[in-house]
Amino acid sequence: MEGTAFWGTTNIKVASAVATLGGKLRQSDPVTHIIKEDGSRQVTFWFESGAGDEARREMECKWHEMKGDEESVIRYIRAALQIIVTGK
């Protein structure tokens, strides 16, 4: 793992899309779960930089800023996850 870059997200929708489209979770502690003093929890999903970076960018930007083709898989994944979470 030495020399390998990682990035993390607390957004399960981003993590799901990235994993689906080839992102690799880091081998050591791929998911961290922190319980804060106030009792709130933070779950972070850690990925290796590289594969999945485009999916990450497309999931984190605004809809009108997406660069992929209008029929790209990432748009369908994003729409489906939005419907599941928001009901809209």
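Among contacts in the protein (heavy atoms within 4.5 Å) between residues at least 6 apart in sequence, 52% join residues at least 24 apart. The structure is a predicted model, in which local features need pLDDT of at least 70, side-chain atom pairs count only at pLDDT 80 or more, and totals for chains, interfaces and linings use all residues. Residues are numbered from 1 along each chain as its sequence is written, and side-chain values use heavy atoms, with hydrogens and water left out.

The protein has three helices and three strands, taken as DSSP runs numbered from the N terminus (helices H or I, at least four residues; strands E, at least two). Along the sequence these elements follow the pattern β-α-β-β-α-α. The C-alpha atoms fill a box of roughly 40 × 35 × 20 Å along the principal axes. The accessible surface of the protein, from the Shrake-Rupley method with a 1.4 Å probe and with only the protein chains shown counting as cover for residues, comes to about 6,200 Å², and carbon and sulfur atoms contribute 52% of that surface. Of the 88 residues, 27% are buried; buried means under 20% relative accessible area, exposed over 50%, and partly exposed in between (1.4 Å probe, protein chains only). There are 12 positive and 13 negative side chains, and the centres of the two sets lie 5 Å apart. In this count Lys and Arg are positive and Asp and Glu negative, with His and the chain ends not counted; each charge is placed at NZ of Lys, CZ of Arg, CG of Asp or CD of Glu.

Helix α1 spans residues 12-20. Val 14, Ala 15, Ala 17 and Val 18 are buried in α1. Because these buried residues fall within an arc of 165° when seen down the helix axis, they line one face of α1; the arc is that of the directions from the helix axis to the C-beta atoms. The face turned away from the buried side carries the exposed residues Ile 12 and Thr 20. After α1 comes Gly 22, with a positive phi near 105°.

In helix α2 (residues 53-60), the buried residues are Ala 55, Glu 58 and Met 59. Their arc, seen down the axis of α2, is within 100°, so they line one face of the helix. Helix α3 comprises residues 73-86 and includes Ala 79. Ala 79 is partly exposed, because its relative accessible area is 27%. The C-alpha atoms of Ala 79 and Trp 63 are 9.8 Å apart in space, and the two residues are 16 apart in sequence.

Thr 9 is found in β1 (residues 6-9) and is buried, with a relative accessible area of 6%. Its side chain reaches the backbone nitrogen of Asn 11 at 3.1 Å. Not counting residues up to four places away in sequence, Thr 9 touches Val 14, Ala 15, Val 43, Thr 44, Phe 45, Phe 47 and Glu 60. Thr 44, in strand β3 (residues 41-48), counts as buried at 6% relative accessibility. The side chain of Thr 44 makes a polar contact of 3.3 Å with the side chain of Gln 42. With residues up to four places away in sequence again excluded, Thr 44 touches Gly 8, Thr 9, Thr 10, Pro 30, Val 31 and Thr 32.

The loop between α1 and β2 (31-35) contains Arg 26, which counts as buried at 16% relative accessibility. Polar atoms of the Arg 26 side chain lie 2.9 Å from the backbone oxygen of Ser 28 and 2.9 Å from the backbone oxygen of Asp 29. Asp 29 belongs to the loop between α1 and β2 and has a positive phi of about 50° although it is not a glycine. Leaving aside neighbours within four places in sequence, Arg 26 is in contact with Phe 6, Thr 32, Trp 46, Phe 47 and Glu 48. Arg 26 and Glu 48 are 22 residues apart in sequence, and their C-alpha atoms are 5.4 Å apart in space.

Key. Polar contact = N/O pair within 3.5 Å; in protein donor to acceptor, adjacent residues only side chain to side chain.
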